Structure formats: structure tokens, C-alpha cells
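I record what I looked up, entry by entry.

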Amino acid sequence: MNYLVTGGAGFIGANFVKYMLKKYEDINIVVLDKLTYAGNLGTIGEELKDSRVSFVKGDICNKELVENIFMNNDIDYVVNFAAESHVDRSIEDPGIFLKTNILGTQILMDVAKAHWTISKDEKGYPVYKDGKKFLQVSTDEVYGTLERDIPEGQSLVDNGQLTVENGLSLEELKDLFKNREAMPKVFGNKFFTEEKGLDPRSPYATSKTGADMLVRAYNETYHFPVNVTRCSNNYGPYHFPEKLIPLIIKNILEGKNLPVYGDGKQVRDWLYVEDHCKGIDMVINGGRLGEAYNIGGFNEEQNINIVKLTIDTVRKLVVDNGELKVKDQYKNVVKCPLEKINYDLITHVQDRLGHDARYAIDPAKTVKELGFYPETPFTVGIEKTIKWYLDNQEWVNEVVSGDYQKYYNEMYGKK
Ligand SMILES: NC(=O)c1ccc[n+]([C@@H]2O[C@H](COP(=O)([O-])OP(=O)(O)OC[C@H]3O[C@@H](n4cnc5c(N)ncnc54)[C@H](O)[C@@H]3O)[C@@H](O)[C@H]2O)c1
């Protein structure tokens, strides 16, 4: 199978490329990435040595370039990760979000449509080559915000209303989580299901909603073969350190304040990135054409608790056998005196404009139809993630210093 993965040098795209290469022998992947500040070729450095992968530096808005990729490769699946993805940046400068996230998606679909069309049916709809699909990676932020009507959270199975709303019976839920130490928590009685109307609040979310709706409009109007996936907040290795978890890890290690918006009680659902990649693969291979699928982590938590758990976990991982001493291997990584790694580092800053109160994905449809299960509970995922950051400080320094541009020039400058 031949994949075009856009944004494959970014956080989730790169994890997806790694996941797919490991899982499938018979696969070819073209990565198209503009290498904005968020894209780092070093992230997929190993994968680029694999003969099954090729890389094209460029913009999804460049129609000629996308045409070329389709002319030179018999693309079966497009997986569109490429996007401007940081809400704070969208508040500062919405324009580039609309261009990349909406117009870029339109250009990718137009080119794919032209290359995949073989004829027209009797009603005038295009008929496509078999087995082609365009998968748009959307977000839970398209749904808007939810009430936090259970402020301190409650176990999922104690919440009778959830079991009704999300279409999984109590028994099915218990069975789903039989291997987790604790039942997931929920912070409200309503959840995002695929049927919920879209109600984005930030310029970022609105641009993603535009793309999400356009993809489904192409399915209605041209019978274009699509799926949309809407996922919760991802976390894991290779996450650019402007987003909450990697930023907090970086600041803890440097002994800097940990900025938390407002009271920090905003609730998000956290999804380990590899579980997300698995879900996308399931939708590509089994999703019904034209459908949207939620991919959630069953891991609702308040931002402030995420920050506290991150502090606790960093301490646990770097401290040598409970003594107040940093393990030898992390001596150069932990620049903050150990006694200072505590909750006093938390600094509440002015809340983000229009900050949504709660996102809570209900992935029941994806669970029931495709057998999706987010295997990684937060306590396990956060430990894996922090360990990865501790062991990969070179990557962090590279992406924040812009050194990866040098890497790009060395690898591709002369080609
Ligand atoms: N990270 C999350 O928690 C999360 C949650 C829900 C949805 N998403 C969606 O998943 C996708 C990937 O998110 P991410 O966190 O990996 O983002 P990211 O910012 O880490 O990576 C985006 C990648 O896209 C590339 N890119 C940006 N503009 C481009 C353009 N015009 N042409 C080609 N490439 C371009 C960047 O260079 C970068 O490599 C995005 O569409 C995002 O909206 C992310």
C-alpha cells in the first residue's frame, strides 16, 4: 500500500510513520512536510534511511507539488496531519491557520480526486479507483466545550448517565477496563459523540472545523472516499515543547516556573500517541466511507493535576533510590536542585482568551465498530513519556534551537 502522510515530521505524523513501518512490511510512505518550526526531520531520521520511505519538503497548499507526488506515486491513502496546531499561536495570528488547515486540505483533496477518478456514474457522481481513501486528522476541539458539572471527577462506571449516553453498557465498560488499575474518571455528564454539532471556539478549532466539514462535503458532493478522525489531546515522545506536557517537563528540568492558565481546572481527555496511531490505522482499514470516528483516551483530567502528576513522576524517575540525589545518568539533564522539584514551581498565569472548560471524547462508536481500545492509562503513558524526554534531551535541544534546519541542509540541501 502507498501512503501519502502529510505533516509526517511533526509530533503525531512522525509517530504514525514509525508505527506503520513497524506494523506493515509491504508499505511505502511519502512524507510531505513543510518543516515549519513544529516539523523536525531528525524525528524521522531513522525512518528516512528505510527504502520504503521518501520525503518531500513542501507545502500542502502547493498544488503543483502535490500533483507531482501523485504523478510519481500510485497513492492509495492520504493521511492528512499537516496543520498549524497551536491554539495560542492561532489567537495571535489566525491567517496561516485558515490557509494551511482549510485551503491546504482542499488542495490535497482536489488533487487526490483528480487522480483517483476513473469515470462518472449515471447520476454524474465521480467513480473512483478501488481502495482509495482520504483520512483527515481532525480534533475534539471542533465540538466546542462541555460543562464541568462534576468538578472533582467521578469514576466512569459510577456515572450512570455516561453509560447511557455513550452506548456502552456497564458490563461492556467494565470489560473494556478490566486490565486498568483504576476506572477512568469523568468530570461531567455530557460527552462529545460524532453526532454532536460542531461548535468551535478558537481560531485554531475553527480552521480545523472548516477542514472537517469540507472533507465531509466532498463525500456528499462528489462521493469522495473519506474518513474523519477526531481525537483528544495527544501526549508522548517527540512532542514539541510548546505544548503543555513537554513544556512542563522541560521547565521542571531547568528549574523554571511552570505556567498554568487560570485556576488550571480545565479538563482535557489525554490520549497516548501510539494508541492514537493504532486508532487511525483501524479507521483507514475498517472505517465506513463518509464516517467520522472519535478516538479518545478515556483519560479525563484537570490540567493542574496533569502538571502535579508530571512533577511527581519526574522526581520519581530521576531520584536515586529514594536518596536526595539525582541518578548518575541524569546528572547533566536535571539542572534544577532536587529539593526545588515540587509544586512550588507552579505559577498561575492569566487565563487563555476563550479557554474551553472541558473536552471529553466518547469513542464508543470506534470501540464498537472497529474494536478500538486506548491501552495506555495516563499513569503508565506519562511515565513512558517523561522517561523518553529524560533520555532524549538532544532531540529537545535540537528542536528548540533550530539546529534541525542544519540537519535538513546537510541531508537534503544539495539534492
Ligand atoms: N497534538 C494533539 O494533541 C492533537 C489533538 C487533536 C488533533 N490534532 C491534529 O493532529 C494533526 C497533527 O498534530 P501534531 O500535534 O502532530 O502537530 P505538529 O504541529 O506537531 O505537526 C504539524 C506538522 O505539519 C507540518 N506542516 C505545517 N504546515 C504545513 C504545510 N502548509 N504543508 C506541509 N506541512 C505542514 C509541520 O511542519 C509539522 O511537521 C494536526 O492536524 C492537529 O490538528 C492534534
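In which sense do strand β1 and β4 pair, and over how many bridges? I looked this up and found the parallel sense, with 4 bridges between β1 (residues 2-6) and β4. I note at the outset that the model is predicted.

**Entry: the surroundings of β4.** I located tyrosine 3 opposite tyrosine 77 in β4. I then turned to β7 and found that β4 is joined to β7 by 4 bridges, the two strands running parallel. In that pairing, valine 79 stands opposite leucine 135 of β7. I next checked burial along β4, which spans residues 77-80.

**Entry: the whole chain.** I counted 14 helices and 16 strands in the protein chain. The radius of gyration is 21 Å, close to the 22 Å given by the globule rule for 415 residues; the chain is therefore as compact as a globular protein of that length. Along the principal axes, I found that the C-alpha atoms fill a box of roughly 75 × 60 × 40 Å. Of the 415 residues, 44% count as buried. I also examined contacts between residues at least 6 apart in sequence, and 83% of these join residues at least 24 apart.

**Entry: the nonpolar core.** The largest nonpolar core has 100 residues, and I noted those that touch the most other members: Val5, Phe16, Val17, Val31, Val78 and Val79. The largest share of this core comes from α4, with 7 residues.

**Entry: the ligand shell.** I listed 31 residues around the ligand, of which Gly7, Gly10, Ala38, Gly39 and Ala83 come nearest. By class, I recorded 14 nonpolar, 12 polar and 5 charged residues in the shell. Which element gives the most to the shell? I found α1, with 3 residues. The elements that each supply at least two shell residues are α1 (11-23), β2 (28-33), α4 (95-116), β7 (133-139) and β11 (233-235).

**Entry: positive phi values.** I looked up two residues other than glycine with positive phi. Leucine 35 has phi near 55 degrees and lies in the loop between β2 and β3 (53-57). I counted 18 other C-beta atoms within 10 Å of leucine 35, so this residue is partly exposed. Histidine 223 also has a positive phi, of about 55 degrees, although it is not a glycine. I placed histidine 223 in the loop between α7 (203-222) and β10 (226-231). Histidine 223 counts as partly exposed because it has 17 C-beta neighbours inside 10 Å.

**Entry: aspartate 263.** Is aspartate 263 buried or exposed? I found aspartate 263 exposed, because 11 other C-beta atoms lie within 10 Å, and 12 or fewer is the cut-off for that class. Aspartate 263 sits in the loop between β12 (258-261) and β13 (267-272). I also looked up the separation of aspartate 263 from aspartate 158: 105 residues in sequence and 26 Å in space, C-alpha to C-alpha.

Conventions
Residues are numbered from 1 along each chain as its sequence is written. This is a predicted model: local features need pLDDT of at least 70, side-chain atom pairs count only at pLDDT 80 or more; totals for chains, interfaces and linings use all residues. The radius of gyration is taken over C-alpha atoms; the globule rule is 2.2 Å times the number of residues to the power 0.38. A residue is buried if 20 or more other C-beta atoms lie within 10 Å of its own, exposed if 12 or fewer, and partly exposed in between; C-beta atoms are placed from the backbone. Two residues are in contact if their C-beta atoms, placed from the backbone, lie within 7 Å. A residue is near a molecule or strand if its C-beta atom, placed from the backbone, lies within 6 Å of it. Ala, Val, Leu, Ile, Met, Phe, Trp, Tyr, Cys and Pro count as nonpolar, Asp, Glu, Lys and Arg as charged, and the others, Gly among them, as polar. A nonpolar core is a set of buried Ala, Val, Leu, Ile, Met, Phe, Trp, Tyr and Cys residues joined through C-beta atoms within 7 Å. Two strands pair if DSSP finds at least two bridges between them.
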